[in-house]
Amino acid sequence: MSDKDRMDALARQYLQAIESGDVSEMLNLFAEDATATSPISGKQPARDFYANVMKITHDRTTVHKNTFADTSGAPQMAVHFNYTRTIHDGHPETIECVDLFELSEDKSRFKSVRIIYDTAPVLVDFGEA
């Protein structure tokens, strides 16, 4: 399997874990000491970030747009997708995301993720707008 194929499969597993809401499935994709950085939550252990995301959201769906592999062969990738979810008892909201990943040397797990999206449409869900 090529690196690009491996990364694309990892991206699809990631999106499936988001949709399923299964924290264990999600954390199996990450190294034990992995971190997640998001515009609203800042940097924290990936296990804490995803446990919270799965707790406060429901009715999650994703639409995979693309997976980008580092052309130099570095253990990095990005996943571009639309993410629709409902927070608490609110209404469904779709955000367009690009998640940037640093991978383990064998490119089988995530060491870190930096989540990028426009926060303006979702700040109201957190009482900040």
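Which residues in the largest nonpolar core touch the most other members? They are Tyr14, Met26, Phe30, Tyr50, Met77, Phe101 and Phe110, out of 29 residues in that core. This is a predicted model, in which local features need pLDDT of at least 70 and side-chain atom pairs count only at pLDDT 80 or more, while totals for chains, interfaces and linings use all residues. Residues are numbered from 1 along each chain as its sequence is written, and side-chain values use heavy atoms, with hydrogens and water left out.

**The nonpolar core**

- A nonpolar core is a set of buried Ala, Val, Leu, Ile, Met, Phe, Trp, Tyr and Cys residues joined through side-chain atoms within 4.5 Å; buried means under 20% relative accessible area, exposed over 50% and partly exposed in between, using a 1.4 Å probe on protein chains only.
- Two or more residues of this core come from each of helix 1, strand 1, helix 3, strand 4, strand 5 (93-103) and strand 6 (110-116).
- Helices (H or I, at least four residues) and strands (E, at least two) are DSSP runs, numbered from the N terminus.
- Helix 1 gives the largest share of this core, with 7 residues.
- In soluble globular proteins, nonpolar side chains tend to be buried together.

**Aromatic pairs**

- The whole structure holds 9 aromatic pairs. Rings of Phe, Tyr and Trp (its six-membered ring) pair if their centres lie within 6.5 Å; planes under 30 degrees apart count as stacked, over 60 as edge-to-face and the rest as tilted.
- Tyr14 and Phe81 form an edge-to-face pair, because their ring centres are 6.4 Å apart and their planes are at 85°.
- Tyr14 belongs to helix 1 (residues 3-20) and Phe81 to strand 4 (residues 76-87), so this pair ties together parts that are 67 residues apart in sequence.
- Tyr14 is buried, with a relative accessible area of 1%, and Phe81 counts as buried at 2%.
- Phe30 and Tyr50 make a tilted pair, 5.3 Å centre to centre with 40° between the planes.
- Phe30 is in strand 1 (residues 30-38) and Tyr50 in helix 3 (residues 46-56), 20 residues apart, and their pair links these distant parts of the chain. Both Phe30 and Tyr50 are buried.
- Ring pairs join Tyr14, Phe30, Phe49, Tyr50, Phe81, Tyr83, Phe101 and Phe110 into a cluster.

**Contacts of single residues**

- Beyond its neighbours within four places in sequence, Tyr50 is in contact (heavy atoms within 4.5 Å) with Tyr14, Val23, Met26, Phe30, Ala36, Val113 and Ile115.
- Ala31 is part of strand 1. Setting aside residues up to four places away in sequence, Ala31 touches Arg109, Phe110 and Lys111.
- Thr86 lies in strand 4 and counts as buried at 4% relative accessibility. Apart from neighbours within four places in sequence, the contacts of Thr86 are Ile56, Thr57, His58, Asp59, His91 and Pro92.

**A charge over a ring**

- The charged end of Arg85 sits over the ring of Tyr83, 5.8 Å from its centre. For this label, NZ of Lys or CZ of Arg must be within 6 Å of the ring centre and within 35 degrees of the ring normal.
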